[in-house]
Amino acid sequence: MKATLITALVLFITRVSTAETKSECTILLKADSIMYAGTKDETVDSVTVCKDGKATASHSFTAPALGDAPPEPTKWDYSHEVGKDAVSDLQKFTNRTDIAGLPERLSLVKAGSALDVVMRFKIVNQGIERTITLQTPALACTEHQEMPKVVLDLICVFSELYNRVKTGIPPENGCGCKALHDIVASR
């Protein structure tokens, strides 16, 4: 009986300690990029950045069948801190009037597009949460010039944050994208 009480007390203290050390994420930005939406080949890349700089990313897809095993839903998770400078830049970015002025739904798909990408951005700006859903064609680097600048900036910020969380290193600028800090500084 005494051993049971001690075990229960240890479990209780462990749970309370764990609950106290876990910090709640106050979301600054959560974004999903969905390719092949609604098909069996759907892939989802997600990134969430918290106000304290902690960030998570994931890649979800269906792994192909191997041998007798059926196709299997698979998810790879990543976490990293993006740093105070990136959080500050992201807050400035979400405060931009052109970002705040985007409609909740925006489709940039031209008739006959072979592949669409659906991107959802949940942006929390001064306590107000907005969700912006973009439907864009999957673009090659050379096609970015046709994209409205505000949309390209959203896509570039998603790409940078996702890669930064996945690798721990800010990616090189490329494909017409500027780094988050450069996007904010050029305004």
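1. Lys149 is a partly exposed residue, with a relative accessibility of 46%. The value comes from a predicted model, as does everything else in this note. Lys149 is taken up again below, with its salt bridge to Asp153.

2. The sheet is open and has seven strands, in the order E4-E3-E2-E1-E6-E7-E5, with mixed pairing. Its edges are E4 and strand E5 (105-107); each has a single partner strand, so one side of each has no neighbour in the sheet. Direction ignored, neighbouring strands are turned against each other by 10° on average.

3. Strand E2 (residues 43-50) and strand E3 (residues 54-63) run antiparallel and are joined by six bridges.

4. On to the pairing of E3 with strand E4 (residues 72-81): the two run antiparallel, with ten bridges between them. One point to check is Thr62, whose bridge partner in E4 is Pro73. In general, the strands of a sheet pair through backbone hydrogen bonds, in parallel or antiparallel fashion.

5. Which helix packs on the sheet? Helix H4 (residues 149-167) does, and it touches strand E1 (27-35), E2, E3, E4, E5, strand E6 (116-125) and strand E7 (128-137). The direction of H4 makes about 85° with that of E2.

6. The structure holds nine salt bridges. One of them joins the side chains of Asp153 and Arg96, at 3.0 Å from N to O. Asp153 belongs to helix H4, whereas Arg96 sits in the loop between helix H2 (84-95) and helix H3 (97-100), so this pair ties together parts that are 57 residues apart in sequence.

7. Lys149 and Asp153 are four residues apart in helix H4, so about one helical turn separates them. A network of salt bridges links Arg96, Asp98, Lys149 and Asp153.

8. A further salt bridge in the model is that of Glu160 with Arg164, whose closest N and O atoms are 2.7 Å apart. Both residues lie in helix H4, four residues apart, or about one turn of the helix. Glu160 and Arg164 are both buried. As a general point, side chains of opposite charge can pair when their charged atoms come close.

Methods: Residues are numbered from 1 along each chain as its sequence is written. This is a predicted model: local features need pLDDT of at least 70, side-chain atom pairs count only at pLDDT 80 or more; totals for chains, interfaces and linings use all residues. Side-chain values use heavy atoms; hydrogens and water are left out. Two strands pair if DSSP finds at least two bridges between them. Axes are lines fitted to C-alpha atoms, for helices over the stretch in contact, and angles run from 0 to 180 degrees between N-to-C directions. Contact means heavy atoms within 4.5 Å. A salt bridge is a side-chain nitrogen of Lys or Arg within 4 Å of a carboxyl oxygen of Asp or Glu. Buried means under 20% relative accessible area, exposed over 50%, partly exposed in between (1.4 Å probe, protein chains only).
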